[in-house]
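Please look over the sequence and the structure shown here before reading the briefing that follows.

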Amino acid sequence: MEFFRYDGKAFDFMGKSKLAISISLILILISYALLATKGLNYGIDFAGGTIVQVKYDKKAPIAQMRKQLQANKLFKDATITEFGSPNEVIIRTKTSSGSVSKDIGLTTKELLKGTGNLEIRRVDIVGPKVGGELKEKGLMALLLSIGAILIYVAFRFEWRFAVASILALVHDVSIAMGAVSLFQIDVNLDVLAAILTLLGYSLNDTIIVFDRIREGIMKTKNQALPEIINDSITRTLARTTLTSLTTFFVVFTLFMFGGEIIHAFAFTLLVGIVVGTYSSIFVASPILMWFRFDVKKYHAKLAEKAKREAEKERMRAQYESGVM
C-alpha cells in the first residue's frame, strides 16, 4: 500500500498528518522520559572539571594509568577513555585545580611515569562557577534565538505561522536532546552550537514551505487549505530532499572521519537534519489546520488592508492637491 497518493497535482501529505503527528508525539515523550531518567551528560564546559589528552607511541595502558592516577586526589574519580585511536586517551575529572599556577600537564606526566612514552596533547580546565555561567548563558542564547524567530515569522507571515514554526522547532530540539541523552553524548559548547545551527536549518526549511503556502493562498480563494498545503509541499519537495541529503552527507562525513573532537557536534546535527526535514513537512504545516486557518477570512483581511491603504493614499493625494 502506498504511503502517499499522487493525484496528478500533489501528494496527499495532510491525509497522513494524524499518523505523522502521532509518531512525533511518541518520539517527544520518549525524549522527555530519557531526559528525566538518564538526564544529560554535561561536559566540563558546563559542569566544570579538567580534561587531559594524552598520546602514547603504542596502545595506551588504561588499567595501569588508572591505578597510578589514583595516587593524586585530583584524579581520584577520573574516567579514562580512548580518543579516536587506541594510542590516544582522554582523562576526565569533575574537579579542577584550585591553583592556576599549578601545571596539570606536568603533574599528569609525573603520575604516569613508567606507563610508556607519552605526550600531553591538551589540557582544559573549567571551574564550577565558570561552567555554571556558561550553562546559564547557553540557555539564554537558546531562548533569545527562539524569541527572535517568533517575532520574525509573526512579522513576515502572521501569528499562526509563527506559533507553528516555533512548535516545530521545539519538536526538533526535544528529539535531538533525547538522542543526546540516550547515547550519553557529552553536552558542551559544541552541542549548544549544533542546537543553534539546527534552529536556523529547520526554520529555513519551514519558511520555504510557508512561503509557498502563502503564495498558494494569494492565488486562490476557493481551494481548501489542505489542498494548498499539499501542493506547496510537493512543489518544494525536490528542493527540500536535495538540500537535506547533501547536508546530511557532509555532516555524516564529519561524524565518521572528523575525529572525537567534533563527534558531539556532528551527531547532534545529524539527528537534527533528519527531524528538521520531517517537521517542516509533517509538523509545522498541519498545525496551521489545527489553528483553523481560514483562507477566505485571510483574503477578506488582505482586502480590508488594501482598502485602508487605498483610502490613505486618496486622502494624501487630496491633501497635496489642496482639496482638503
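**Salt bridges and helix packing**

Aspartate 231 is partly exposed, with a relative accessible area of 23%, where buried means under 20%, exposed over 50% and partly exposed in between (1.4 Å probe, protein chains only). This is a predicted model, in which local features need pLDDT of at least 70, side-chain atom pairs count only at pLDDT 80 or more, and totals for chains, interfaces and linings use all residues. Residues are numbered from 1 along each chain as its sequence is written, and side-chain values use heavy atoms, with hydrogens and water left out.

**Salt bridges**

- The side chain of aspartate 231 meets that of arginine 235 in a salt bridge (2.8 Å, N to O), a term for a side-chain nitrogen of Lys or Arg within 4 Å of a carboxyl oxygen of Asp or Glu.
- Both residues lie in helix α8 (residues 225-257), four residues apart, about one turn of the helix; helices (H or I, at least four residues) and strands (E, at least two) are DSSP runs, numbered from the N terminus.
- Arginine 235 is exposed, at a relative accessible area of 54%.
- Arginine 121 and glutamate 88 also form a salt bridge through their side chains (3.6 Å, N to O).
- Because arginine 121 lies in strand β5 (residues 118-126) and glutamate 88 in strand β4 (residues 88-93), the pair ties together parts that are 33 residues apart in sequence.
- Glutamate 88 counts as buried at 11% relative accessibility, whereas arginine 121 counts as partly exposed at 41%.

**Helix α9**

- Of the 20 residues in helix α9 (residues 263-282), 17 are buried, and the helix is mostly covered.

Note on methods: Expected span 1.5 Å × (residues − 1).
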